Amino acid sequence: MPPSSNLPAVKISRRGTTRLKEGHVWVYRSDIVSANGVNPGALVSVTDERGKPFGTALYSSSSQIAIRMISPHPVTDLPSLIRERIQQAIQYRDRVVNDTDAHRIVFSEADFLPGLIVDRYNDILSVQILTQAMDEKPIRQAVISELNELLKPASIMERVDSRVRDLEQLPALSSGLIQGEKTSTIITMNGVQFHYEGLEGQKTGAFLDQRENYAAAAQYARGEALDVFSYHGGFALHLAKTCSKVTGVDSSRPALEMGERNATLNRQEIEWIEANAFDLLRDYSNSGRLYDTIVLDPPAFAKSKRTLDTALRGYKELNLRALKMLRPGGILVTCSCSYHVSQPEFLGVVSEAARDAHKNPRIIESRTQAKDHPILLSVPETSYLKCVILQLSS
Ligand code: SAH
């Protein structure tokens, strides 16, 4: 490959080049040999220590991930490349997404657009910018103009992750409208409706990555159901289609209030309990309460490798309690969205919990994030969600 002569060059160590040869797209700061005079957020040509080019990348002057590869080839017109990648991301969704007007349109590295997340909520788009390079004005303009051209949204909002902007040393910004006026709408997934409030809630407003798992859970759920960590009722409302009674548990009152609004919207009755899930499951299992279906969808317990042991203990405790509370033939839908907990580790913990609960469940399905959150084979960090559906013997 000829060098991208007009771009500033960043030299990386042998460990860095090995990583790239293995197909990963990140190079850590500790593997940067020289990046003299390279501006924050610059498009750079990446070379090994002897100057052999490896492709083109986006540079961050402050993140531990200094290099995010954008192409194995020289790039001269970054805005055009970004537009092309957005088109490809939308084409991919056209093939794999159905039965919803809310889904992820761009998932950062997994769509070869590192640092950019775009979610669609019916006629509102929500954009998140996570790196110096994506925050550059011409890039922002290219993103917004391409989204407008292809999707014609009523409005576009920006959700700001202040912690990430801080880490990237980007100027502080608040979430809000980029264009248009509409900030709330109603979305429909798998025939279930949800209120969407663009300026509230977690992530970009909902947990779109669980969408296909909601439908799978509803396929097996029956009887009395308990949705633990229910947020706005994503699982609870899907379970209500097949279960005789559904209870949703969350520690956040605003989340449950939205859950109730969603229940009303779908003409469903759901019981909501504001409680710490650990306390509630301990009390309920000690007092011998039983359910036919239980969903566990806790927040990411392992935010880093350091907290892995504590996280695994948390998962074990929840799964042990839930398995004890299931009637014969009962269904457990158990999830983990911690990237640092691998699928085998998670299955290991659930299996230990089953042993301690003296149960021998079978796995009906071992699932992951919805297909609009693609997993790049060579970038393990793009795979984070585990959702295992188990059934006890009757
Ligand atoms: N199942 C939801 C997403 C859950 S996100 C969906 O599909 O939309 C995790 C939820 O756990 C959040 O709503 C948060 O308020 C709640 N939460 C966090 N810690 C909790 C705790 N200790 N007890 C109960 N809820 C908790």
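Cys387 counts as buried, at 0% relative accessibility, where buried means under 20% relative accessible area, exposed over 50% and partly exposed in between, computed with a 1.4 Å probe on protein chains only. The model is a predicted one, in which local features need pLDDT of at least 70 and side-chain atom pairs count only at pLDDT 80 or more, while totals for chains, interfaces and linings use all residues. Residues are numbered from 1 along each chain as its sequence is written, and side-chain values use heavy atoms, with hydrogens and water left out.

A search of the whole structure finds zero disulfides, a disulfide being a pair of cysteine sulfur atoms within 2.5 Å. Cys387 is in no disulfide, and the nearest cysteine sulfur, that of Cys335, is 3.8 Å away. For Cys243, the closest cysteine sulfur belongs to Cys387 and lies 15 Å from its own, which is too far for a bond. Cys243 is buried as well, with a relative accessible area of 10%.

The charged side chains give another view of the fold. How many salt bridges does a search of the whole structure find? The search finds 23 salt bridges, each being a side-chain nitrogen of Lys or Arg within 4 Å of a carboxyl oxygen of Asp or Glu. In one of them, the side chains of Asp135 and Arg165 meet at 3.1 Å, N to O. Asp135 lies in helix H3 (residues 132–135) and Arg165 in helix H5 (residues 162–167), so this pair ties together parts that are 30 residues apart in sequence; helices (H or I, at least four residues) and strands (E, at least two) are DSSP runs, numbered from the N terminus. Asp135 is buried, at a relative accessible area of 15%, and Arg165 is buried at 4% relative accessibility.

A further salt bridge joins the side chains of Glu212 and Lys371, at 3.4 Å, N to O. Because Glu212 lies in helix H6 (residues 211–220) and Lys371 in the loop between strand S19 (362–367) and strand S20 (386–391), the pair ties together parts that are 159 residues apart in sequence. Glu212 is buried, with a relative accessible area of 18%, whereas Lys371 is partly exposed at 42% relative accessibility.

The side chains of Glu224 and Arg327 also meet in a salt bridge, at 3.4 Å, N to O. Glu224 belongs to strand S14 (residues 224–228) and Arg327 to strand S18 (residues 326–336), so the pair ties together parts that are 103 residues apart in sequence. Glu224 is partly exposed at 29% relative accessibility, and Arg327 is partly exposed at 26%. Elsewhere, salt bridges that share partners join Asp135, Arg140, Glu158 and Arg165 into one network.

The last stop is a pocket. The second largest pocket has a volume of about 250 Å³; on a 1 Å grid over the protein atoms alone, a pocket is an open set of points with protein on both sides within 12 Å along at least five of seven lines, and lining residues have an atom within 4 Å of a point. This pocket is lined by 14 residues, of which His24, Val25, Met69, Ser71 and Pro72 lie nearest its centre. The largest share of its lining, three residues, comes from strand S6 (residues 65–71). Domain 1 (9–71) and domain 2 (78–186) both give residues to the lining of the second largest pocket, so the pocket lies between them, with domain bounds that come from an automatic or database domain assignment.

Notes
1 Å grid on protein atoms, 1.4 Å probe; cavity = no way out; pocket = protein on both sides within 12 Å on 5 of 7 lines; lining within 4 Å. Points joined across faces, edges and corners; volume = space filled by probe spheres on them.
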